[in-house]
Amino acid sequence: MTAPKPLIAGNWKMNGLRASLAEARAIAEGARTAKGRVAICPPALLIPLMCEMLSGTNVLVGGQDAHWEAAGAFTGDVSAQMLKDAGAQLVILGHSERRAAYRETDAIVARKVQAALAAGLEPIVCVGETLDQRNAGDALAVVTEQVRASLPPELAGQAFSVAYEPVWAIGTGLTPTTAEIEQMHRQVRATLTTMFGAASETVPILYGGSVKPPNAAGILHAAEVGGALVGGASLKAEDFLGIVNAL
Ligand code: PGA
């Protein structure tokens, strides 16, 4: 089996002004010897500037969301084609904050994935259960269904990753146990194999939710963990590099 090339992606969420580009520069400097791929997903407005600044480095730039249409009357939205045009290479889709605050369903996420592929972007598709769902014993079933319904057939043979982010672990300092992470990642891997066949063994399954330098090595070396999607700790170069260097 070919091990997926790990990906550490920073999700800056709605944080970052032009002054924050200095952190991205420091990340690129420190990531020169990274053992995997490294990406920063800043607010959309910073993408062109960040792409320019990071050109020639090994740090990729991604968006945090994209509309399912390439263009049209969708006030305030940004399309995958626009992200690509601005220089992005990846895009986070279906983050739980968007699923919760903007009622993005699995079907909407799947359409966004199709739009990202059509634009030539590599999607990072997020899934994850709420605390109520975990406490009810439904975590595996909920995440399996999200994977099944959020990943369209067009992903077969394409570069993409899945990020398992338990909603209750995002921004809370809480994390699942290693055993819980491994159980979920094995389940996601099995679902990907059912959907896309053995070739999908190279699809990295990222873990996200309160990844910090002190817990990064334990999480990144767990079975079937192919990297991390990092929120808060990606905003400071020192913290983010602490995670990158734990690979
Ligand atoms: P966190 O966020 O690292 O701040 O918990 C992760 C995410 O939302 O992707």
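Tutor: In this predicted model, a residue is called buried when its relative accessible area is under 20%.

Student: Which residues of helix 10 are buried?

Tutor: Helix 10 spans residues 237-244. Applying the cut-off of under 20%, the buried residues of this helix are A237, F240, L241, I243 and V244.

Student: Within what arc do the buried residues of helix 10 fall, seen down its axis?

Tutor: An α-helix has 3.6 residues a turn, so residues three or four places apart point the same way. The buried residues of helix 10 line one face of the helix, because the arc within which they fall, seen down the axis, is 155 degrees.

Student: What covers the buried residues of helix 10?

Tutor: The cover includes both helices and strands. Among the helices are helix 1 (21-30) and helix 9 (213-220). The strands include strand 1 (7-11), strand 2 (37-41) and strand 8 (227-230).

Student: Which residues touch the most other members of the largest nonpolar core?

Tutor: The largest nonpolar core has 65 residues. One of its members, L151, touches V125, F160, V162, L192, M195 and F196, leaving aside residues up to four places away in sequence. Apart from this core lies another, of 12 residues, including A39 and C126. In the largest core, the residues touching the most other members are I8, L151, L192 and L220.

Student: How much of the area that the ligand exposes when taken alone does the protein bury?

Tutor: The ligand is surrounded by 13 residues, with K13, H95, E165, G171 and S210 the closest. Oxygen atoms of the ligand lie 2.7 Å from a polar side-chain atom of H95, 2.6 Å from a polar side-chain atom of E165 and 2.6 Å from a polar backbone atom of G171. Of the 280 Å² that the ligand exposes when taken alone, the protein buries 97%.

Note on methods. Residues are numbered from 1 along each chain as its sequence is written. This is a predicted model: local features need pLDDT of at least 70, side-chain atom pairs count only at pLDDT 80 or more; totals for chains, interfaces and linings use all residues. Side-chain values use heavy atoms; hydrogens and water are left out. A nonpolar core is a set of buried Ala, Val, Leu, Ile, Met, Phe, Trp, Tyr and Cys residues joined through side-chain atoms within 4.5 Å. Buried means under 20% relative accessible area, exposed over 50%, partly exposed in between (1.4 Å probe, protein chains only). Contact means heavy atoms within 4.5 Å. Helices (H or I, at least four residues) and strands (E, at least two) are DSSP runs, numbered from the N terminus. The arc is that of the directions from the helix axis to the C-beta atoms. A residue is near a molecule or strand if one of its heavy atoms lies within 4 Å of it. A polar contact is a pair of N or O atoms within 3.5 Å; within protein, one must be able to donate a hydrogen and the other to accept it, and residues adjacent in sequence count only if both atoms are side-chain atoms. Accessible areas come from the Shrake-Rupley method with a 1.4 Å probe; for residues, only the protein chains shown count as cover.
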